[in-house]
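Dear colleague,

I am passing the structure below on to you, and my notes on one part of the chain follow it.

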Amino acid sequence: KLPVVVIAGRPNVGKSTLFNRLVGRRQAIVSDEPGVTRDRKEGEALLRGRRVKLIDTAGLEESAPETLYGRMRSSSEEGVAQADLVVFCVDARAGITPVDAHFAAWLRRQNRPVLLVANKAEGRAGTEAAMEAFSLGLGTPLALSAEHGEGIADLMSEIAERL
Ligand code: GDP
Ligand code: MG
């Protein structure tokens with residue numbers, strides 16, 4: 001059975017973009033509209049010679065802001081329960097939001113291994129912004145840019161090491 005890696009995070013942080021990067025094909029729909037992921041949510045990726053099953057959590061379409069956290073949780077609960085590793089994504093450009101913080105607190109209680117990723121961290125300014133994610137209490141954030149392909153090799157190594 002392949003180890004399961006679940007990509008979680010609030011809408012629009014770049015989960016599907018990261019998913020596509022890691023599976024090496026455009027399997028999930030990336031949209032400027034928060035939370036739009038309608039097609040493939042599962043794929044296989046080869047990370048440093050390790051085959052993994054990758055899950056892009058979604059199902060957050062048309063969430064009202066006040067229910068976003070709740071929906072995020074329910075759509076992630078099943079995935080997180082079966083995860084050998086949760087890749088929790090935040091948006092370095094937007095900074096840490098209260099929803100990120102709530103979700104991080106919930107994640108910490110799930111007792112699953114979590115790898116914290118600060119996406120949209122292209123360039124030097126991005127790396128600095130990414131450090132804000134330290135405040136989530138989930139360890140050192142890995143700064144990367146799913147869209148520009150920066151930091152992806154490091155992420156692949158990190159995932160492979162943690163499995
Ligand atoms: P999801 O809702 O978390 O699945 O996010 P998506 O993958 O659909 O991406 C949401 C938006 O963020 C899209 O407009 C992407 O092009 C953009 N995006 C994703 N990754 C990056 C990145 O590394 N840098 C920047 N600047 N934008 C990104
Ligand atoms: Mg998506």
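**Strands and the crossover**

Strand β1 (residues 4-8) pairs with β4 in the parallel sense over four bridges, where helices (H or I, at least four residues) and strands (E, at least two) are DSSP runs numbered from the N terminus, and two strands pair if DSSP finds at least two bridges between them. This is a predicted model, in which local features need pLDDT of at least 70 and side-chain atom pairs count only at pLDDT 80 or more, while totals for chains, interfaces and linings use all residues. Residues are numbered from 1 along each chain as its sequence is written, and chains are lettered from A and ligands numbered from 1 in the order in which they are written.

Isoleucine 7 stands opposite valine 87 in β4. Strand β4 (residues 85-91) also pairs with strand β5 (residues 114-119), in the parallel sense and over six bridges, with alanine 118 in β5 as the bridge partner of valine 90. From β4 the chain crosses through α3 to β5, and this β-α-β crossover is right-handed (with the strands pointing away from the viewer, the path from the first strand over the helix to the second runs clockwise).

Six of the seven residues of β4 are buried (20 or more other C-beta atoms within 10 Å of a residue's own; exposed means 12 or fewer, partly exposed in between, with C-beta atoms placed from the backbone). In α3 the buried residues are Asp100, Phe103, Ala104 and Leu107; they fall within an arc of 105° seen down the helix axis, so they line one face of α3 (the arc is that of the directions from the axis to the C-beta atoms). Pro98, Ala105 and Arg109 are exposed on the other side of α3.

Best regards
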